[in-house]
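Please work through the following exercises with the sequence and the structure at hand. Each task is followed by a solution in steps.

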Amino acid sequence: MSQLPPVLQKQKFPVIGAPLFIISNPKLVIAQCTSGVIGSMPALNARPAEQLDEWLAEITETLAVWDKAHPDQPAAPFAINQIVHKSNDRLEHDMALCAKYKVPIVITSLGAREDVNAAVHGWGGVVLHDIINNRFARKAVEKGADGLIAVAAGAGGHAGVKSPFALVQELRDWFDGPIALSGAIAHGGAILAAQAMGADFAYIGTAFIATEEARATQDYKHAIVAGTSDDIVYSNLFTGVHGNYLAHSIRAAGLDPDKLPESDPSKMNFGGGATKAWKDIWGSGQGIGAIKAVEPTAILVQRLRSEYEAARRRLLA
């Protein structure tokens, strides 16, 4: 049994909506949380930086109103993703705003930092850290992360190559804290499978791109609906870190998805310079075959719940 912080113990449906660069916004986060899913967004999505203050106020105030009106169905907590890589020159500013609003969950990516973790703990928050292998996981926990997000093969955007079976098994050999599993999860049955492997939560990103609230173009959303795992390309060309992308968008940018060159990882950039690449090249996980329509977030979560319960009944039959 995992040792979960109180803010995660309250979560009845075991799903975290992954922060989607450019795409996640307060509208999507609020829709996720009020549907019973932990919603999240990258701090860097707020541009200019001052907009983050407005967005955090909107999220916290709207969820407070929801909770008052729905005492029997309170909203799930929300999370803010912080890129702690040295190229993010907004980190100090954005962390100060997270402290101001006492953000309950902070998701850290691309480097583990003791000072960031200590700051989050200072206001009573919880830190979940993205990892792609066991070595990075140990470093994250040693530096104070409360939980791990295991980014396995098939995850959308930046992703690792480890099988989820291997990755979660190795983590559970030594870590009894919260684990969220990411990688091609877009169906309720896959959520149950993540729990069966030892994860506490399914970490779902791509399915939320094809929602009405997501800040993605209609072409992007429909490409998700129309695509399958055969349409996903794994490359480090666009940011310097390997990730999964839709071949359709790569062709539209004038590149051959079957002949992409390797990028220099030392030149990766996750500040403003990465925006154009992520706007033109569309990230996507391998689970898109389960996504059949562009729909409201509440309807997507309702489908995931129904599939999850059906999968549980099949196992108990």
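**Charges over rings**

The charged end of Arg 138 sits over the ring of Trp 174, at 4.5 Å from the ring centre; this requires NZ of Lys or CZ of Arg within 6 Å of the ring centre and within 35 degrees of the ring normal. The model is predicted, so local features need pLDDT of at least 70 and side-chain atom pairs count only at pLDDT 80 or more, while totals for chains, interfaces and linings use all residues. Residues are numbered from 1 along each chain as its sequence is written, and side-chain values use heavy atoms, with hydrogens and water left out.

**Exercise 1.** Determine how the rings of Trp 174 and Phe 175 are arranged.

*Solution.* Step 1: the structure holds four aromatic pairs (rings of Phe, Tyr and Trp, the latter by its six-membered ring, with centres within 6.5 Å; planes under 30 degrees apart are stacked, over 60 edge-to-face, the rest tilted). Step 2: the centres of Trp 174 and Phe 175 are 5.6 Å apart and their planes stand at 50 degrees, so this pair is tilted.

**Exercise 2.** Classify the pair of Tyr 220 and Trp 282.

*Solution.* Step 1: their ring centres lie 4.8 Å apart, with planes at 10 degrees; therefore the pair is stacked. Step 2: Tyr 220 belongs to helix H10 and Trp 282 to the loop between helix H12 and helix H13, 62 residues apart (helices, H or I, are DSSP runs of at least four residues, numbered from the N terminus).

**Exercise 3.** State whether Ser 40 is buried or exposed.

*Solution.* Ser 40 has a relative accessible area of 0%, so Ser 40 is buried (buried is under 20%, exposed over 50%, partly exposed in between, with a 1.4 Å probe and protein chains only).

Technical notes: Helix = DSSP H or I, 4+ residues; strand = E, 2+ residues; numbered from the N terminus.
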